[in-house]
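Here is a short report for a reader new to this structure.

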Amino acid sequence: MLEPALLPTPLVDCTDEAFARAGVELRLKRDDLLHPSVPGNKWRKLAPNLAAAVDQGHTRLLTFGGAYSTHLRAVAAAAGALGLESVGLVRGEELADRPRNWSLRAAEESGMRLEFLTRAAYREATGRAGDGDGAEVQRRWGPCLVLPEGGSNALAAVGAAAIPAELPDLDGRDVVCCPVGTGGTLAGIAAGLPPGARALGVAVLRGGEGYLEAEVARLHRTGFGREFANWRIDHGHHGGGYGKVPPELAAFAGEFERRHGIPVERRYVAKLLAALADLAGAGAFPRGTRLTAVVTGLPDPE
């Protein structure tokens, strides 16, 4: 059985000098504490998809990810707990003959069968999977519910829309913020906001301008039947690209941890917090703005 989630997740006031100087309030939505094996936004996005899998009688889940994909580990853990088979298509055929890193090892220990693809084959497979259209993938790997890379589909966005409902008294001074990898969490947050409040996503990958905006708009259309105008994505704080953590970002994260006693995941959450500090210092937010940063995941193990 899958352990219950901690809902609502804690909301913590974060008094920080960098934000106070700018007249901006910072709160942390601790979704990193949501679930012991399916943490953060992965639970939000997976829960409705798992319910759909069970309702539709699926016995196997298939999804995609890189060598250190949190999404692969989360799907493996959730599927194993529910008695479902899981298959993970991993980007990088050369990894098949190498010793498993801690992340892929955890996925296999939860029962996931890993299949390693060349980068070209991986791009083709993810492209064919689409949002709920996995016919081509299923012809090769058998009957299954196909979940896209990162888990961001229409159901995932609906799951993430519950985040604003856990934030009291949102109004025109509020900006709810999250890192953006595939767009599902940002799409859900924006869709769930009351009038006046806004959403800000911080892209963690390089070169996503336009593409990520189109993905969020697509998720809004498929998940909610309409588009929303209350959100934007910042593309200036990706730290050099997906998975890259330059020394200055690592130093920022370490100092934030020391000041506030909160562990900071480096590839997503650190980029979000550093971006907010930078933008606040540059006067990008009017004085009196209340920022809520959604802490979407846990740091990697040492």
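## A charged pair, partly exposed

Glu 108 is partly exposed, at 32% relative accessibility. Buried means under 20% relative accessible area, exposed over 50%, and partly exposed in between, with a 1.4 Å probe and protein chains only. Arg 100 is also partly exposed, at 27%. The two side chains meet in a salt bridge, 3.2 Å from N to O. A salt bridge here is a side-chain nitrogen of Lys or Arg within 4 Å of a carboxyl oxygen of Asp or Glu.

## How the model is read

This is a predicted model, where local features need pLDDT of at least 70, side-chain atom pairs count only at pLDDT 80 or more, and totals for chains, interfaces and linings use all residues. Residues are numbered from 1 along each chain as its sequence is written, and side-chain values use heavy atoms, with hydrogens and water left out.

The structure holds 21 salt bridges. One of them joins Glu 17 to Arg 21, with the closest N and O atoms 3.0 Å apart. Both residues lie in helix H1 (residues 17-21). They are 4 residues apart, about one turn of the helix. Helices (H or I, at least four residues) and strands (E, at least two) are DSSP runs, numbered from the N terminus. Glu 17 is exposed, at 58%. Arg 21 is exposed too, at 56%.

What does the salt bridge between Arg 119 and Glu 94 tie together? The N to O distance is 2.9 Å. Arg 119 lies in helix H5 (residues 119-129), and Glu 94 in the loop between strand E4 (85-91) and helix H4 (102-109), so the pair links parts that are 25 residues apart in sequence. Arg 119 is partly exposed, at 41%. Glu 94 is partly exposed as well, at 35%.

The axes of helix H2 (residues 40-55) and helix H3 (residues 70-81) come within 11 Å and cross at roughly 45°. Axes are lines fitted to C-alpha atoms, for helices over the stretch in contact, and angles run from 0 to 180 degrees between N-to-C directions. H2 is therefore oblique to H3. Angles under 35 degrees count as roughly parallel, over 145 as roughly antiparallel, 65 to 115 as roughly perpendicular, and the rest as oblique.

Which residues make the contact? H2 supplies Lys 42, Leu 46 and Leu 50. H3 supplies Thr 70, His 71, Ala 74, Val 75 and Ala 78. Contact means heavy atoms within 4.5 Å.
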